[in-house]
Amino acid sequence: MKKSVFICLVSFLCIVLVSIILFGICFVVPIYKNTESKQIVSALPTIVIDCGHGGPDGGAVGADGTCEKDINLALGFALREILIQNGYQVVMTREKDAFICDDHSASLREQNVSDIHNRLKIAKSVPNSLFISIHMNNFSDTRYWGSQLFYGPKNKQSITMSEAIQKRLVTTVQKGNDRPLKQMDSSVYIIYNAPMPALLLECGFMSNTAELNRFKNTQYRCSFAFSVFLGINDYIKGVKHV
Ligand SMILES: [Zn+2]
């Protein structure tokens, strides 16, 4: 083979080799990365946010007439926004000031029972979900303040998730709050029967005017919701959901 022909052949092979490498970098690697990130995103659990009460059931009422149902919903919206911004799928059991009861429910009691059953039905219809029920506490002694978490007994992960959220709350927005975690008893149907990791979060006391005023403040609600989000995220990072 002539020297010039040999050089041409080697040059051609080099060009082909470099082209193959560049093609791999430009197309194959990004496609692999996209596939991988999609798998991670789809493995995240969906967060079901349940804002307590609604419609004719206002929940606890503050000294200034503020209804618990409205604070619950505002907190739920704040938490949903943060979760969505961070790549989570969110389902809310209610987005309006209303009961989620069946049309045939006649009396207020029937509507209440139907509402509770429907909330659990919604949660159960979402695969790979976590259930967070948001409420505000109330007590005759107005000194008491601070959040408290009640974990569902049917799923062992409920307590782990509750611990993670509590840890974030007491180290950020509620320093000095030493209320213990409690297992939910059968008096709260949804949390007691939820098969997925579930908890009821009593965010604070409607009966404590200073605390109620904090929760009426948008900035505080966002800070509180962000701490709850951090706790949920900590829990998910520590548990294999794939
Ligand atoms: Zn409540």
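**Spaces and a strand**

Modeller: α7 (218-238) gives the most to the lining of the largest cavity, with three residues. Helices (H or I, at least four residues) and strands (E, at least two) are DSSP runs, numbered from the N terminus. This is a predicted model: local features need pLDDT of at least 70, side-chain atom pairs need 80 or more, and totals for chains, interfaces and linings use all residues. Residues count from 1 along each chain as its sequence is written, and side-chain values use heavy atoms, without hydrogens and water.

Colleague: How much space lies in the largest cavity?

Modeller: On a 1 Å grid over the protein atoms alone, a cavity is a set of points where a 1.4 Å probe fits but cannot get out; a pocket is an open set with protein on both sides within 12 Å along at least five of seven lines; lining residues have an atom within 4 Å of a point. Points are joined across faces, edges and corners, and a volume is the space filled by probe spheres set on them. One cavity of 30 Å³ or more is counted. The space in the largest cavity is about 40 Å³.

Colleague: Which element supplies the largest share of the lining of the largest pocket?

Modeller: That pocket holds about 280 Å³ of space. Its lining has 17 residues, and H53, I116, H135, V188 and I190 are the closest to its centre. At least two lining residues come from each of α3 (108-125), β3 (129-137) and α5 (189-193). The largest share, four residues, comes from α3.

Colleague: Why is strand β1 largely enclosed by the rest of the structure?

Modeller: Buried means under 20% relative accessible area, exposed over 50%, partly exposed in between (1.4 Å probe, protein chains only). T46, V48 and D50 are buried on one side, and I47, I49 and C51 on the other. β1 (residues 46-51) is largely enclosed because six of its six residues are buried.
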